[in-house]
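The tour goes from the whole chain to single side chains.

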Amino acid sequence: MVRERCGAAVKAVTVEQGLAGGAPGSPAAFAAIAHIGFVGLAELQSALGAHAAELMADIPNFTNVEPVLQVSEVKM
């Protein structure tokens, strides 16, 4: 749905499922993490601004866990 709503502003999407924590036998800190790469901050704000309510309303269709959102910049 993110790709569909945000279109060309989305450059990459990956989803990770948490398997374990850092210590043997410990639980993962997060059940899942989605990384959504946008062209830039302005494009992210524009695309999500137009669709944020719809996208956030869809999350309970998949989980009852409260999402944690973070905006970051990839540094290499």
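**Whole chain**

Keep in mind that this is a predicted model. Start with everything selected. The protein chain holds 2 helices and 2 strands. Trace the chain along its sequence and the order reads α-β-β-α. Now show the C-alpha trace alone. Along its principal axes, the trace spans about 40 × 35 × 15 Å.

The protein chain exposes about 6200 Å². Carbon and sulfur atoms supply 59% of that area. How much of the chain is buried? Buried residues make up 11% of the 76 residues. A residue counts as buried under 20% relative accessible area.

Next, think about contacts. Take those between residues at least 6 apart in sequence: 44% of them join residues at least 24 apart.

**The largest pocket**

Select Ala 34, His 35, Ile 36, Val 68 and Leu 69. Of the residues lining the largest pocket, these lie nearest its centre. Centre the view there. The lining has 38 residues in total. Which elements give two or more residues to this lining? They are helix 1 (2-6), strand 1 (10-17), strand 2 (32-38) and helix 2 (41-58). Colour each of the four to see how they sit around the space.

The pocket holds about 1900 Å³ of space. You will find 27 nonpolar, 7 polar and 4 charged residues.

**Pro 67**

Move on to Pro 67, in the segment after helix 2.

Show the neighbours. Leaving out residues up to four places away in sequence, Pro 67 touches Met 56 and Ile 59. Then draw a C-alpha to C-alpha distance from Pro 67 to Phe 30. The two are 9.8 Å apart in space and 37 residues apart in sequence.

**Salt bridges**

The structure holds 3 salt bridges.

Select Glu 4 and Arg 5. Their side chains meet in a salt bridge at 2.3 Å, N to O. Glu 4 is exposed, because its relative accessible area is 63%, over the 50% cut-off. Arg 5 is partly exposed, at 27%.

Glu 54 is partly exposed, with 35% relative accessibility.

Now display Glu 4, Arg 5 and Glu 54 together. The three are linked in a network of salt bridges.

For the last stop, select Glu 73 and Lys 75. Their side chains form a salt bridge at 3.3 Å, N to O. Are these two residues buried or exposed? Glu 73 is exposed, and Lys 75 is exposed as well.

Note on methods
Residues numbered from 1 in each chain as written. Predicted model: local features only at pLDDT ≥ 70, side-chain atom pairs only at ≥ 80, totals over all residues. Heavy atoms only, no water. 1 Å grid on protein atoms, 1.4 Å probe; cavity = no way out; pocket = protein on both sides within 12 Å on 5 of 7 lines; lining within 4 Å. Points joined across faces, edges and corners; volume = space filled by probe spheres on them. Helix = DSSP H or I, 4+ residues; strand = E, 2+ residues; numbered from the N terminus. Nonpolar A, V, L, I, M, F, W, Y, C, P; charged D, E, K, R; others polar. Buried < 20%, exposed > 50% of the residue type's maximum accessible area, 1.4 Å probe, protein only. Contact = heavy atoms within 4.5 Å. Areas by Shrake-Rupley, 256 points an atom, 1.4 Å probe, with all protein chains shown as cover. Salt bridge = Lys/Arg side-chain N within 4 Å of Asp/Glu carboxyl O.
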